[in-house]
Amino acid sequence: MQQTTIIKPTSGWQLIDVKAIWAYRDLLYFLSLRGIKIKYAQSILGVGWAVFDPLIQAIIFTVIFGNLAKLGSDGTPYILFSYTAMVSWTYFSGILTEATGSLVKNRTMIGKVYFPRLILPLSAVFGKLIDFGVASLVLIGLLIYYGMTPSATIIMVPVLLLILILTSIGAGCFLAALAVQYRDIQYAMSFLVRVLMYSAPVVYSVSIIPERWQPLYALNPMVGVIEGMRSIFLQNRPFPWEWVGTGFATSLVIFLIGCFYFRRTERHFADLA
Amino acid sequence: MIEVQNLGKRYRLGTMERSDTLVEAVKSTLLYPIRNFRRIASRKKFSGDETGDSSILWALKDVNFSVAKGEVLGIIGHNGAGKSSLLKVLSRITEPTTGQIALQGRVSSLLEVGTGFHDDLTGRDNVYMNGTILGMTRREVEEKFEEIIAFSGVEAHIDTPVKFYSSGMKVRLAFAVAAHLDPEILIIDEVLAVGDLAFQEKCLGKMDKVAKSGRTVLFVSHNMVAVEGLCSRCLLMENGRIIFNGGVQEAIHRYRAASMNLSERQVLADRTDREGSGGVRFTEMILNEGGEVYPFQPLVIDLTLESSTNFEDLVVAVQVSKGYREVLMTINNRLQGTKLPVVKGVNKIRITLPNLSMMPGHYLLDLWAGSMVDAEDRISAAGQLYVNERDIYGSGLVPMGQYHGSFIPEACSWEAYEKVTGIGTT
């Protein structure tokens, strides 16, 4: 049977075309692979950068916030405290930045060939997965060195990752669609990522937030993710079910808004990019 | 197979405002972000009433046509006639504003060769990347991989990053991928204007095979020889509309008739499809000061070029060709023993050919500038030469390119002498 394609003007909100994305899954694979290969082409350390980047930052934080400013780390070694957060945070900010820039960076491709545009931001999730994996291995090494054993709530790690991915890809799609039209988004990204980092408990502990504000604070999905990871691997507090629950709900909202906004504006991409 | 109804595509052009006074300038600087926001945001907003809004452009309007299975349809027209917009809408890159298209079967569109190519990736990686962007699955690329690299002729370097390839090798590899697509409908933009002559012929041969294999092909080109050779029907576009839909000969004839009315001034500064190191760039070419060109009369070619250094002796060549393969004539100052000094900056060069011996017809001009052997700038099909028909010999008859060849012989002396009968009979 021959497929018939109808091309006509669309308007308003569009559903996410899962079927089209599935049909182009090989493109998603090669785009992700391309992202990884390009990043480490002609570099001496190669994938080693995936470790250095979060590790060096964690060390800087340890010196400045842990030793000099003496921020509390819930009784765990500060380096572990911050590196645990940095691993998730680096993956989050990596996806967000990559997804946001994906449309503008590939605008010649958008102008020359059809494919489901969502593939571009989505490829960031897989492209950054290697970095995340390598950084995680180092985390495991550190945990063994410090003699930490994870709690049974380790089965929640996939859920935490899901929250992380939904949030970053949702926000990334939204910003990518905006960046096609307003290039300012790209210039604001490094600043935005830094603001976001300090709004999440990366260098400090949620304990310093007044208790009555904590439920509101947990609306930031990364609060549940980071504190969840710390609870699992450092056992500094019981697993923060409420924060993770709140975070999951917000992440879904962010994901849906991002994707639908992306789909709504998608038809202008080739004209504006 | 393809059914296009009432297709229209509207664009809003970006416009710039300017301020005339200092106060206005200061005010406009302060309000700059707000105004910019409005301006950029307006690019996708259209109000109901658009009469008199000069920033709105209908790149396509009331386009209707259909293509049957197995037909090879040529689409021709001048720059800005809407050909590219039509292809973009047909290939789902951008949405139409009005109307609809129904397509039956798998569509592949080639508006560019080498989409998604990245310099840091190896040839092999790029083949997979490019193939999947064009809609192939990984398995399909794998199956055709050997054929693809054999066709491209870069087997030996398939695992080298493509940044070490010459531009020709890159193009060959990219075209090889494209040539192995296996769609039911193939949409092709002028991708043949790349690569060396031998490779172009190979590509055309491949295209010919595709066209004859019963696939439906839409082919946009400025190359009339290729259109004539490949297509079974032709659309002629002008200002976003189809002004002719029918026989290839007729369409080409009308297209050429329309070309004659265009000024012969060719602006080359924006051409990006040039080769060479770029030390010299042709920016403009004018034939006969914008007037018409006739056989057996002088042809004056005025070239403007920008040079980044002084050249004591620049070699400039103008090649006259018919279609994509036959070079008919080369005008070259080195061959003629003339030195051409060029200074840094903008230079104007006038070449006067005292007596143009080309048959009436349509030709392409390629430009080349360089020193000794290295090309500084090379533009294929930099301009068109349209030689008008004229009763050259005063015989009441007009020689024509399609019957009488490419060159006009000077009037010969004819003599019928002594009838020789009876030789060898005595």
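This is a predicted model: local features need pLDDT of at least 70, side-chain atom pairs count only at pLDDT 80 or more; totals for chains, interfaces and linings use all residues.

Which residues line the second largest cavity?

**Entry 1, the second largest cavity.** I looked up the lining and found A:Phe30, A:Leu33, A:Arg34 and A:Lys37 from chain A, along with B:Leu121, B:Asp125, B:Tyr128 and B:Met129 from chain B. Two elements give two or more residues each to this lining, namely α2 (25-40) of chain A and α4 (123-133) of chain B. The top contributor is α2(A), with four residues. I also sorted the lining of the second largest cavity by class and got five nonpolar, no polar and three charged residues. Its volume comes to about 60 Å³.

**Entry 2, the largest cavity.** My search of the whole structure turned up two cavities of 30 Å³ or more. The largest holds about 110 Å³ of space. I get 14 lining residues for it, and those nearest its centre are B:Leu110, B:Ala178, B:Ala179, B:Leu186 and B:Val210. The elements giving two or more residues here are α6 (167-179), β6 (185-188) and α7 (197-212), which belong to chain B. Of these, α7(B) gives the most, with four residues. By class, I count twelve nonpolar, no polar and two charged residues in the lining of the largest cavity.

How many disulfides does the structure hold over all chains? I found zero. A:Cys259 is one I checked by hand: the nearest cysteine sulfur belongs to A:Cys173 and sits 4.5 Å away, while a disulfide needs the two sulfurs within 2.5 Å. Is A:Cys259 buried or exposed? I put it down as buried, because its relative accessibility is 3% and the cut-off is under 20%. B:Cys412 is partly exposed, with a relative accessible area of 47%.

I went looking for non-glycine residues with positive phi. A:Lys70 has a phi near 55 degrees, and I located this lysine in the loop between α3 (49-68) and α4 (78-105) of chain A. A:Lys70 counts as exposed because its relative accessibility is 63%. B:Phe296 has a positive phi of about 60 degrees; I find this residue in the loop between β12 (280-287) and β13 (299-307) of chain B.

**Entry 5, a hairpin in chain B.** Strands β8 (residues 233-238) and β9 (residues 241-246) of chain B run antiparallel and are joined by five bridges. I picked one pair out: B:Leu235 has B:Asn245 in β9(B) as its bridge partner. Two residues lie between the strands, and in this hairpin B:Asn239 takes a positive phi near 50 degrees.

Note on methods
Residues are numbered from 1 along each chain as its sequence is written. Chains are lettered from A and ligands numbered from 1 in the order in which they are written. Side-chain values use heavy atoms; hydrogens and water are left out. Buried means under 20% relative accessible area, exposed over 50%, partly exposed in between (1.4 Å probe, protein chains only). Two strands pair if DSSP finds at least two bridges between them. On a 1 Å grid over the protein atoms alone, a cavity is a set of points where a 1.4 Å probe fits but cannot get out, and a pocket is an open set with protein on both sides within 12 Å along at least five of seven lines; lining residues have an atom within 4 Å of a point. Grid points are joined across faces, edges and corners, and a volume is the space filled by probe spheres set on the points. Ala, Val, Leu, Ile, Met, Phe, Trp, Tyr, Cys and Pro count as nonpolar, Asp, Glu, Lys and Arg as charged, and the others, Gly among them, as polar.
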